[in-house]
Amino acid sequence: MQKISDSPVSFEIDDEQGYLIVRFAGEIDLYGTPHAREVILNCVKSDRNTVIDLSAVTYIDSSGVASLVEGYQLAKTNQLEFGLINTSEAVMNVLQLAHLDKVFSIHASLNERLQAS
Amino acid sequence: MMSNHHTPTDQAAIEVENLVTHYGSTRILNNIDMQVSTGEIMVIMGGSGSGKSTLLRYMLGLHEATSGSIKLLGQDITEINAEEMDELRKNMGVSFQGGALFNSMTVGENVCLPLREHTHLDENTIQIMGRMKLSVVNLGGFEDLMPAQLSGGMIKRAALARAIVMDPKLLFFDEPSAGLDPVAAAELDDLILRIRKALNTTIVVVTHDLDSTFRIADRITVLDKGDILMIGTVEEVRNSDNERIQSLLNREARHIEIDADEYIKELTGQKS
Amino acid sequence: MLKTFTEKLGQTTLRGIEELGYSLALLVESFYWLFFGFRRHQAVKLPSIFSQMMHIGIQALPIVGILAFAIGMMLAIQGIATLKTFGAESQVVLGIALSVTREFSPLIIGILVAGRSGSALAARIGTMQMAQEIDALRVIGISPVRYLVTPAMIAMLIMLPALTFFADLIALLGGGVYSSLELGMSLQAYADRTIEVLQIDDITQGLYKSLVFAVIITLVSFVNGFSVTAGAEGVGRATTRSVVLSITYIIIADMVFTFFLTH
């Protein structure tokens, strides 16, 4: 787990079954977002299908969600996959409020995602 | 950094204690005591001159109270210094009666202003956040218009988008339904409820609109001439046998009690 | 009758003292934000200063040019006519040079900017006050002084001396054009003579005055704008009041200034 100094968010990247899995932990808020955003965009820029695991995220605010939107948009223009797994109810509430639950491809786990496709 | 942003608790988000305020030498609020729990929607109602807008302005830290305390998220705003107040304001969103959008800026610039002033986020992130909030209030695609080009209901919704752009823990509304037709007012009420559900925001609404009050309130504070008549749930307020409250609910003209001596002094200009 | 008059006098005096205190506080606060704003993460933004400089200064150039030229001509006409009685027409160059740089340029620019930009500021702030935009700034955590007053103050402090210097040049030119026509002296000779009689102090005196006028216009406009209470009528009244007061204070300040500079 990589801890970024002075940031409320940490992350871990695994390479599983052709996907980069980014596991965030902590809070993706105004202070954590700049780091989380960099991590997300770097994964997509490395030309890999990316899945964001939010299970250990205790709080995500709109700035965090905006970074997910950026990642999704970048993946789409590069014809890559970009998905979310393990989204808690709190995160789903935030996504629903901005009508984004219909936009992202959201699954309970990586396995479920693989089965779905 | 607080970790339990979204867990409803009994802990009070807002605590007003013994608040007394004056305008010049006139006393406007008498010993106001009220608490709003985290995630609760508290509606403050009362007739004109009841002091409800004044109470809101003091909760926003726009004036200095004569005595008493106002705690927002555990911090007493009558005591904290300017820097601490600035920090606290990042957790507060306000939707003013007329929207108070800045007329010289586009709708999008209005919504993003708090982000530009208070954060170091990437410009791209800021723009996406602004558009997201406009989409929350069903104004997606309107970011390049000027406020003057919007209808009254749209201005109120854009103002709401600006108020929630920093994901505030406390949200304040001054007369949200004033000047709106019943449909637009109901839409705004739905939005208030949706935001509370999604973000567990603590919300204070000042209004004289009964329909709106009964739709959104968890609890109601009834003010009259600077005093709290009662604080209770919608049911409790509806069933109250207090005459003043009943007349307020039935929209009756206020019965004015006249003290003959006081009245004569008032008319002849001899202040007591 | 007497009571109401003294009461009114008292109220007016009180209001005046109150406004003076408020103005001084505003002056101190606007410089506080300029120098220490960044410490509270509220630095004064350059673009807002530039946009004010455009409104106050650049856009005023044409009218300043016309006014200054006309004043230079007017001084020449008057000067030559008056000096003719003493047969000292050639001394007109000295008269124009000194009165333009020391007196007329700063005064005319002060009055012009008070009418043009001071009124616009008061109207804008009054309208914002009424629409609760000032409250909105405060609850967003943006100091209205930092966001509105400081940029205008800085822009005024830069543009008033700049406009005054520009007016110096144009007014001297106006005086020169008339003098050369009337007295048959060449523009070159007029210019040489002007440079000969004019001291640096004469010009800086005018520029110092314009700095004082800049502070007066800014403070009067904002104090009146911020104090708008209700109705469109309120904005109109505040606008008129701010122009009249600005001009009054400018002329009084000018007199005091001139008295001390000539003693």
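In strand S2 of chain B, B:Ile32 is the bridge partner of B:Leu19.

Strands S1 and S2 of chain B pair over 8 bridges, in the antiparallel sense. They also form a hairpin, with 2 residues between the strands. Look at the turn. B:Gly24 sits there, with a positive phi of about 65°.

Now the other neighbour of S1(B). Strand S1 covers residues 12–23 of chain B, and strand S4 covers residues 67–72. They run antiparallel, and 5 bridges join them. Here are two facing pairs. B:Glu15 has B:Lys71 of S4(B) as its bridge partner. B:Ile14 stands opposite B:Leu72, again in S4(B). As a reminder, strands of a sheet pair through backbone hydrogen bonds, parallel or antiparallel.

B:Leu72 is in strand S4 of chain B. Is B:Leu72 buried or exposed? It counts as buried, because it has 25 C-beta neighbours inside 10 Å, and the cut-off for buried is 20 or more. Set aside the neighbours within four places in sequence. B:Leu72 is then in contact with B:Ile14, B:Ile77, B:Leu88 and B:Leu170. Also, B:Leu72 and B:Ala12 are 60 residues apart along the chain, yet their C-alpha atoms are separated by 8.6 Å.

For contrast, take B:Arg215. B:Arg215 lies in helix H7 of chain B, residues 210–216. With 18 C-beta neighbours inside 10 Å, B:Arg215 counts as partly exposed.

How far can we trust chain B? Its mean pLDDT is 89, and 93% of its residues reach 70 or more. Where pLDDT is low, predicted coordinates should not be read in detail.

On to chain A. Chain A has 4 helices and 6 strands. From the N terminus on, the elements run β-β-β-α-β-α-β-α-β-α. Chain A has 117 residues, and a compact globule of that length would have a radius of gyration near 13 Å. Chain A has 13 Å, so it agrees with the rule. Its C-alpha atoms fill a box of roughly 35 × 30 × 25 Å along the principal axes. Of the 117 residues, 43% count as buried. Now take the contacts in chain A with a separation of 6 or more: residues 24 or more positions apart account for 64% of them.

Next, who touches whom? There are 2 pairs of chains that touch, and the most contacts are between chains A and B. That contact takes 23 residues from chain A and 20 from chain B. On the chain A side, helix H1 (33–45), strand S4 (49–60), helix H2 (62–77) and helix H3 (89–97) each supply at least two residues. Which of the elements gives the most? H2(A), with 7 residues. By class, the chain A side divides into 11 nonpolar, 8 polar and 4 charged residues.

Then chains B and C. Here 11 residues of chain C are in contact with 16 residues of chain B. The side of chain C that touches chain B has 5 nonpolar, 2 polar and 4 charged residues. Chain A and chain C do not touch, and their nearest C-alpha atoms are 15 Å apart.

Last, the core. The largest nonpolar core has 175 residues. Which residues have the most contacts inside it? A:Val65 and B:Ala161. Leave out residues up to four places away in sequence. A:Val65 then touches A:Ile60, A:Val94, A:Leu95, A:Ala98 and A:Leu100, along with B:Met132 from chain B.

That is the tour. Over to you.

Methods
Residues numbered from 1 in each chain as written. Chains lettered and ligands numbered in written order. Predicted model: local features only at pLDDT ≥ 70, side-chain atom pairs only at ≥ 80, totals over all residues. Rg over C-alpha atoms; globule rule 2.2 N^0.38 Å. Buried ≥ 20, exposed ≤ 12 C-beta atoms within 10 Å, placed from the backbone. Contact = placed C-beta atoms within 7 Å. Nonpolar A, V, L, I, M, F, W, Y, C, P; charged D, E, K, R; others polar. Pairing = 2+ DSSP bridges. pLDDT = per-residue confidence, 0-100. Core = buried A, V, L, I, M, F, W, Y, C linked by C-beta atoms within 7 Å.
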